[in-house]
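Have a look at the model first, then read on.

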Amino acid sequence: MKRIYTIDITRGLVMIIMALDHVRDLLHTTAFTQDPTDLRTTTTALFLTRWVTHLCAPSFVFLSGTSAYLTFKSQNNLTQTRQFLLSRGLWLMFLEITIVNFAFWFDLQFRTIILQVIFAIGVGFVALSFLLKIPVKTLGIIAALLIVLHGLTFFVPIPKDQAAAIGWSFLFRTNVFPLSPNFVLGTLYPVVPWFGIMLAGFSFGAVLQKPTRRTWLWRASFMALGLFVIVRFLNYYGDPSLWSKQSSDWFTVLSFINVSKYPPSLLYTLLMLGLMFAILALGDVQPNVLTELLATYGRVPLFYYLLHWYLIHLLMFGMVFWQGFTWKDIPIGPFSFGRPPKSGVELPIVYLVWGGVVLALYPLCRWYAHYKAAHKDKKWLSYL
């Protein structure tokens, strides 16, 4: 399959942005005590630091669906593509529960299991493997229905029975379940709305094969952003958090764009995919120094994802000990990153560390991208 350059560029950009959020999560002074999008307590800089990273997950999931479509068309073999999606999906689910969750918590007892974006993509691939016979236009309609109608599930109360509540949340609702004093399960990325986004990406794959794709991408961007503005202005449906007039015009604007990621609302999806389409259109250019740098990260997304979490977590421990804390001060238990409450750095340092993390991973990503390209016969490389 011939790679589509703008996909690598866009994926690389959103993955670089993603690292900013994770550095903030683990290192910023108020990361454990303050919601950066709470307009009552946040600052513009902190709000935008969090808000810009909303772009990452939907872009990653959407483009995973697009890549699945391109693989399907290039192989032109239903059985082979189904086996690949099924095996890759199961592998991603296993990675999330093991390698990725250990990177989050550094806890050998695995007292916290959080199902996030890698798990959602894995489940999506498994589900998609059984839908390949359905016409793409039909899948596109299903995707639109899942994205538009998912908000209705907020009117359905979560079951009181714990097992049923876990099942409901796994499908539709972000939730955290303390199952015992020593184990917590989190359904941060409920599979149905995120699968809607993946199906949308799969259905959109044909557009990226068109010679006029840049025009189509701009149209998609204007349509998604236009719908966002209209539906958001009505302030009735599309997001559980309504916008409201704030103490200043600027904070009212922030309220307008302050959409819900957990789970992804209709307005969140329209806004972020609209921005993603614009980035895809802007990235549909001849290679240059900047695009090559971005594409390097985008060619090895899972490799980068795993490395960046481990590096950031190790840097967090370095910060903790540099600030004078000892092993005795490290909190241990469910939902603990292992950072003492009074540790942390301010936002400018977060940005410096973020830049260092991205630059430090570039040589490794470049090496691995070249290695994969030179060893296409090694099928296991397609799983990392």
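## Ground rules

Helices here are DSSP runs of H or I with at least four residues, strands are runs of E with at least two, and both are numbered from the N terminus. This is a predicted model, where local features need pLDDT of at least 70, side-chain atom pairs count only at pLDDT 80 or more, and totals for chains, interfaces and linings use all residues. Residue numbers start from 1 along each chain as its sequence is written, and side-chain values use heavy atoms, with hydrogens and water left out.

Let's start with serine 129, which lies in helix H5. Serine 129 counts as buried because its relative accessibility is 0% (buried is under 20% relative accessible area, exposed over 50%, partly exposed in between, with a 1.4 Å probe and protein chains only). Leaving aside residues up to four places away in sequence, serine 129 touches Arg82, Leu85 and Leu86, where contact means heavy atoms within 4.5 Å.

How do two packed helices get described? By the angle between their axes and the distance between the axes. For H4 (residues 78-105) and H5 (residues 117-129), the axes come within 7 Å and cross at roughly 155°. Axes are lines fitted to C-alpha atoms, for helices over the stretch in contact, with angles from 0 to 180 degrees between N-to-C directions. That makes H4 roughly antiparallel to H5 (over 145 degrees; under 35 is roughly parallel, 65 to 115 roughly perpendicular, the rest oblique). Residues making the contact include Leu85, Gly89 and Met93 of H4, and Ile118, Gly122 and Phe125 of H5.

## Aromatic pairs

Rings of Phe, Tyr and Trp (its six-membered ring) pair if their centres lie within 6.5 Å; planes under 30 degrees apart are stacked, over 60 edge-to-face, and the rest tilted. By this rule there are 32 aromatic pairs. One of them is stacked: phenylalanine 102 with phenylalanine 106, at 5.4 Å centre to centre and 20° between the planes. Phenylalanine 102 is partly exposed at 23%, and phenylalanine 106 is partly exposed at 24%.

Phenylalanine 204 and phenylalanine 277 make a tilted pair, 4.9 Å centre to centre with 40° between the planes. Phenylalanine 204 is in H8 (residues 191-204) and phenylalanine 277 in H11 (residues 266-282), so the pair ties together parts 73 residues apart in sequence. Both phenylalanine 204 and phenylalanine 277 are buried.

## Charges over rings

The charged end of arginine 339 sits over the ring of phenylalanine 32, 4.4 Å from its centre (the rule: NZ of Lys or CZ of Arg within 6 Å of the ring centre and within 35 degrees of the ring normal). Arginine 219 lies over the face of tryptophan 216, at 5.5 Å from the ring centre.
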